[in-house]
Amino acid sequence: MSHVSGATLAVKNVEIARGERRLFAGLDFDLASGQLALVTGPNGAGKTTLMRTLAGLRLPSAGSVSYGDVPVSRIARGLTAPIAFQGHLDGLKKDLTVAENLAFSAALWGGEGEMDALADELGLEDCLARQVRFLSAGQRRRAALGCMRLRPATLWLLDEPLTNLDTRGAGLVAAWLDAHLERGGSAVVATHQPDKLAGRAAIEVDL
Amino acid sequence: MSVFTSMLERDLRLAMRRWSEFATPLIFFVIISSLFPFALSPEVAALRAAGTGVLWIAALLSSLLALDGLFRTDMDDGSMEQLILSPASLGLLVFAKICAHWLVSGLPLILIAPVLALSFYLPPESLPTLMFALLLATPTLSALAAIGAALTVGLRSGGTLIGLLVLPLTAPVLIFGTRATDMAVHGESALGPLYLLGALAAFSLSLAPLASAAAIRVSVE
């Protein structure tokens with residue numbers, strides 16, 4: 001795997017409000033290339049909202065988020081896409097097969113991937129020709145992570161990637177993260193199970 | 001351009017797998033237009049006078065009905081987030097979605113319209129003009145409805161709101177569409193209104209994807 005030159009994710013004095021309620025303020029951190037940040041916190045603390053803000057899908061109520069000196073809300077406007085985001089929604093079409101979902105994701109990103117090898121790795125080799133709506137929640141999550149894996153992005157934003165995954169699946173996510181960080185990529189992971197990714201985080205954000 | 005074809009192919013494939021959902025607006029169009037001859041006076045002149053208007057209003061309503069789900073399913077399953085964050089231009093993706101939707105809902109409507117026109121005793125020689133006018137008008141209707149669908153996709157029940165937002169904007173299409181058909185029925189050349197329909201299609205198809213993309217970005221927040 002080739003080395004990618006990741007940029008720095010700079011989160012400056014970010015305040016996030018949902019509706020009228022302020023969830024947190026004054027969040028500051030710099031995530032350099034090759035680093036992992038773990039976001040933890042109780043339900044309702046604003047993990048998902050933070051992840052969506054980091055992806056540029058919404059603006060923080062104060063402060064700024066930039067990646068490589070460009071505000072993320074600007075990056076998301078379709079120029080280049082160094083950021084891959086996996087929210088708690090799978091982003092799969094239920095009426096398409098796993099293979100069709102993977103192929104579309106790859107086409108959208110111009111990514112190259114060996115579909116069969118990826119399916120083997122995910123343990124989905126028997127499900128490639130099945131429509132997503134016939135899969136279990138864990139298999140769907142695996143397929144969604146497979147779509148994410150096909151994206152040639154330098155920054156991964158994963159919101160609860162371990163939900164519904166079995167031990168082997170969680171191990172796979174950890175291995176992918178290790179390889180990604182090794183290549184010079186960076187990642188922000190929001191999770192309730194930080195112990196499964198223990199020892200990797202350069203930055204821990206507790207909301 | 002491969003992103004455009006991938007998106008088009010994906011949406012067409014989805015439409016094939018859920019064809020009953022996509023057939024509903026077309027069936028609506030057929031039923032509305034074929035109920036009118038029963039309700040109106042059976043005289044040829046009366047039917048002919050009402051026929052063009054009925055056909056156009058039915059086409060208008062059915063294309064609005066069809067567009068409600070255009071972005072909603074993508075929004076609900078999280079695909080929209082991925083489309084927004086992908087390196088492809090969202091405007092282009094939206095354009096592909098509009099095209100796919102038009103192929104599934106607009107094109108069959110154009111093909112079936114002549115059959116319904118005969119139930120209003122429209123003269124057969126006016127049918128090519130009717131079809132050509134619909135060919136120019138339905139993309140405009142789809143494009144306008146896409147803006148409405150994009151604006152209301154974040155709301156719980158956007159369906160009726162789309163109508164309120166979009167129907168006033170469709171007035172020019174209705175005016176020139178019925179005018180073109182009327183002129184053809186009376187044996188005149190309908191080129192004038194057809195040119196205007198073409199201009200409306202070019203205008204709305206070039207700007208609506210951009211407007212819809214901007215509206216989606218606001219809705220996704």
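Modeller: A:I83 stands opposite A:L155 in β7(A). This is a predicted model, in which local features need pLDDT of at least 70, side-chain atom pairs count only at pLDDT 80 or more, and totals for chains, interfaces and linings use all residues. Residues are numbered from 1 along each chain as its sequence is written, while chains are lettered from A and ligands numbered from 1 in the order in which they are written.

β7(A), residues 155-159, runs parallel to β6(A) and is joined to it by 4 bridges; two strands pair if DSSP finds at least two bridges between them. Strands (E, at least two residues) and helices (H or I, at least four) are DSSP runs, numbered from the N terminus. The two strands belong to an open sheet of 5 strands in chain A, with parallel pairing and the order β6-β7-β8-β3-β9. At its edges stand β6 (83-86) and β9 (203-206) of chain A, each with a single partner strand, so one side of each is left without a neighbour in the sheet. On average, neighbouring strands of this sheet are turned by 10° against each other, direction ignored.

Across β3 (36-40), β7 and β8 (186-190) of chain A lies helix α6(A), residues 167-182, running at about 150° to β8(A). Such angles run from 0 to 180 degrees between N-to-C directions, with axes fitted as lines to C-alpha atoms, for helices over the stretch in contact.

The contact between the chains takes 23 residues from chain A and 22 residues from chain B, two residues being in contact if their C-beta atoms, placed from the backbone, lie within 7 Å. On the side of chain B, α1 (2-17) and α5 (79-85) are the elements that give two or more residues, and α1(B) supplies the largest share, 7 residues. That side divides into 8 nonpolar, 7 polar and 7 charged residues; Ala, Val, Leu, Ile, Met, Phe, Trp, Tyr, Cys and Pro count as nonpolar, Asp, Glu, Lys and Arg as charged, and the others, Gly among them, as polar.

Within chain B, the axes of helices α3 (residues 44-67) and α9 (residues 171-185) come within 10 Å and cross at roughly 145°. Residues of α3(B) including B:W56 and B:L60 meet residues of α9(B), among them B:L174 and B:V185.

As for confidence, the model scores ipTM 0.89 and pTM 0.91. Chain B averages a pLDDT of 90, and 99% of its residues score at least 70; pLDDT is the predictor's confidence in each residue, from 0 to 100.
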